[in-house]
Amino acid sequence: MPSIADQVPIAEGLFTWPSNDPRLLGSKCRDCGVVTFPAQSGCPACCGQDTETLELERQGKLWTWTIQGFLPNRPPYEGPETPETFRPFGVGYVELPGQVRVEARLQTEDLSKLRIGMDMDLVVEKYIERDGKDIIAFFFRPSDES
Amino acid sequence: MDVAIIGIGIHPFGRTEGVTGLEQGTHAARQALADTGLDWSDMQFAYGGSSAAGAADTMVSKLGLTGLQFINVSNGCATGGSALQSAYMAIQSGMFDIGMAVGFDKHPRGAFTINPEGSGLGKWYGDIGMALTPQFFGMKIQRYMHDYDITEDALVRVAVKNYRNGSKNPNAWRRKPFSYEDVAESMMVCHPLRKYMFCSPAEGACAMILCRADKARKYTAKPVFLKAVAVKTRQFGSFEVFSQSQALDRAPAPTVQASRAAFEMAGVGPEDIDVAQLQDTESGAEIMHMAENGFCADGDQEKWLQEGYTEIDGKLPVNTDGGCMANGEPVGASGLRQVYEICLQLRGEAGERQVPDNPSTGYTHVYGAPGLSGVTVLTT
Ligand SMILES: [Zn+2]
């Protein structure tokens with residue numbers, strides 16, 4: 001297990017880090033209540049500017065999904081695969097109850113079981129290694145695999 | 001002041017080695033001039049654009065340094081449509097009598113490469129593999145199929161139709177029809193969308209000459225009147241490409257807004273349209289755009305496709321030139337290609353793919369990143 005010092009989030013402010021129970025960080029508009037992810041200073045719904053940071057729910061339901069069937073272009077992609085080792089991966093929107101739908105990569109052993117409405121859990125873990133450090137990112141995984 | 005399209009020009013779409021995008025644009029511009037018998041020096045203004053093939057206004061060095069007002073337009077997938085709208089406004093305002101709209105492009109092979117930070121996204125979004133437009137199209141139609149019981153059969157039928165239409169279009173890129181099996185068994189790209197359901201980045205150019213409607217017959221016996229042009233961007237809550245999150249409450253797509261505005265401006269409704277070009281970035285897009293533009297109810301597409309309503313001889317022919325699927329997607333030119341095709345159809349010059357019974361009212365629709373749509377209504 002690498003020390004926390006060797007683990008770097010893929011971007012600042014996307015999720016609480018370091019943390020034993022990381023949460024995605026959204027923002028909530030104090031005027032209209034709309035939640036966005038990632039956190040942002042202005043409200044896209046009412047054009048207000050009074051927002052507060054909000055820790056998002058860790059569980060939700062899959063709202064839609066797809067399977068990325070080919071190796072994405074580099075740049076911008078930084079995943080570890082080569083054309084030989086690439087395996088299709090899931091991407092979807094997970095609806096966090098009462099908050100917002102978040103787009104994320106989906107982690108599952110069996111892409112064929114992805115279904116709209118299935119329960120999903122937030123996972124925050126190593127994505128790649130860069131400059132000797134683990135880059136930590138967020139994913140969602142079917143609850144029955146957690 | 002009404003506005004007419006009096007001349008149209010095109011450079012064949014697809015791949016033209018050794019000819020720059022700008023040269024293709026210049027070719028289309030010359031063809032549009034020849035179509036009217038006018039000279040470049042007769043143009044009082046031009047609006048033009050490309051997304052990846054350079055500044056449109058530099059074509060004056062080939063066409064002639066007449067000193068005209070030439071404004072470059074850059075508006076993503078609506079670049080051509082925005083050039084047309086700008087030209088429309090220039091005449092409609094009374095400022096000019098006659099001018100040109102031109103769009104062209106030349107993209108590298110393979111999927112479009114996105115710079116996430118240039119699109120207002122975090123770099124992480126590209127690092128992790130989500131800055132890909134095909135994913136959005138897959139996810140949008142996935143949900144739509146779930147909500148409205150659309151099946152994969154409909155996705156296949158759209159692609160088969162568009163390639164068949166493209167095979168009748170001498171300016172199309174892909175001129176080989178695909179069988180149902182070819183499409184249904186092609187590689188899965190972004191579930192549920194397969195390889196032959198997608199358009200690819202390509203090359204091509206289109207140009208048109210617009211003038212005051214009351215002077216149109218001076219230049220052509222077959223003017224096409226631009227009754228409406230509308231460009232709209234996304235509202236909060238619509239489901240758009242490159243959205244890191246989405247609101248729980250869904251708002252209508254920008255296409256719905258643009259379509260309604262255009263129909264209102266033209267004083268006609270969807271039932272009045274004889275032929276339409278709808279953005280078919282992939283099969284799912286054409287299906288959803290049939291409803292978003294008001295031509296059918298959500299879920300009716302399954303029946304429409306089974307009954308052949310959108311075939312060339314159907315009740316609403318859609319993408320008679322093969323659409324983006326058969327022509328490829330040169331971003332700066334696509335919107336104008338649609339208008340070019342409608343002009344041919346309304347002039348009765350579409351040859352093998354001519355819509356029967358003298359169509360008199362046409363419709364074009366583009367949609368693209370980051371959530372914008374452009375619609376036109378055209379009549380004879
Ligand atoms: Zn607000």
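Where in chain B does B:Asn319 lie? B:Asn319 turns up in the loop between helix 10 (301-306) and helix 11 (323-327) of chain B, with helices (H or I, at least four residues) and strands (E, at least two) taken as DSSP runs numbered from the N terminus. Its phi is near 60°, a positive value in a residue other than glycine. B:Asn319 counts as buried at 1% relative accessibility; here buried is under 20% relative accessible area, exposed is over 50% and partly exposed is in between, using a 1.4 Å probe and protein chains only.

A word on the ground rules. This is a predicted model, where local features need pLDDT of at least 70, side-chain atom pairs count only at pLDDT 80 or more, and totals for chains, interfaces and linings use all residues. Residues are numbered from 1 along each chain as its sequence is written, chains are lettered from A and ligands numbered from 1 in the order in which they are written, and side-chain values use heavy atoms, with hydrogens and water left out.

A:Asp131, not a glycine, has a positive phi of about 50° and sits in the loop between strand 8 (119-130) and strand 9 (133-142) of chain A. A:Asp131 is exposed, with a relative accessible area of 76%. A cis peptide bond joins A:Phe37 to A:Pro38, with omega about -10°, and A:Pro38 belongs to the loop between strand 3 (35-36) and strand 4 (51-55) of chain A. Another cis bond links A:Pro75 and A:Pro76, with omega about 10°; A:Pro76 is in the loop between strand 5 (59-68) and strand 6 (89-96) of chain A.

Next, the sheet. In chain A, 3 strands make an open antiparallel sheet in the order 3-2-4, where two strands pair if DSSP finds at least two bridges between them. Strands 3 and 4 of chain A are at the edges with a single partner strand each, so one side of each has no neighbour in the sheet. Strand 2 (residues 25-29) of chain A is joined to strand 4 of chain A by 5 bridges, and A:Cys29 stands opposite A:Thr51 in strand 4.

A:Cys29 also takes part in the zinc site. The protein donors are the SG atoms of A:Cys29, A:Cys32, A:Cys43 and A:Cys46, lying 2.3 Å from the zinc ion; donors are N, O and S atoms within 2.8 Å of the metal (3.2 Å for Na, K and Ca), and sites may look incomplete since water is not among the atoms. The 4 donor atoms subtend angles of 106 to 118°, so the arrangement is tetrahedral (four donors, all angles between 85 and 135 degrees). In sequence, the spacing is C-x2-C-x10-C-x2-C. A:Cys32, in the loop between strands 2 and 3 of chain A, and A:Cys46, in the loop between strands 3 and 4 of chain A, are 14 residues apart. A:Cys32 is partly exposed at 36% relative accessible area, and A:Cys46 is partly exposed at 35%.

Finally, the rings. There are 22 aromatic pairs over all chains, counting rings of Phe, Tyr and Trp (its six-membered ring) whose centres lie within 6.5 Å, with planes under 30 degrees apart called stacked, over 60 edge-to-face and the rest tilted. One of them, A:Tyr127 with A:Phe139, is tilted, at 6.3 Å centre to centre and 55° between the planes. Both A:Tyr127 and A:Phe139 are buried.

Methods
Tetrahedral: all angles 85-135°; square planar, octahedral: opposite > 155°, others 65-115°.
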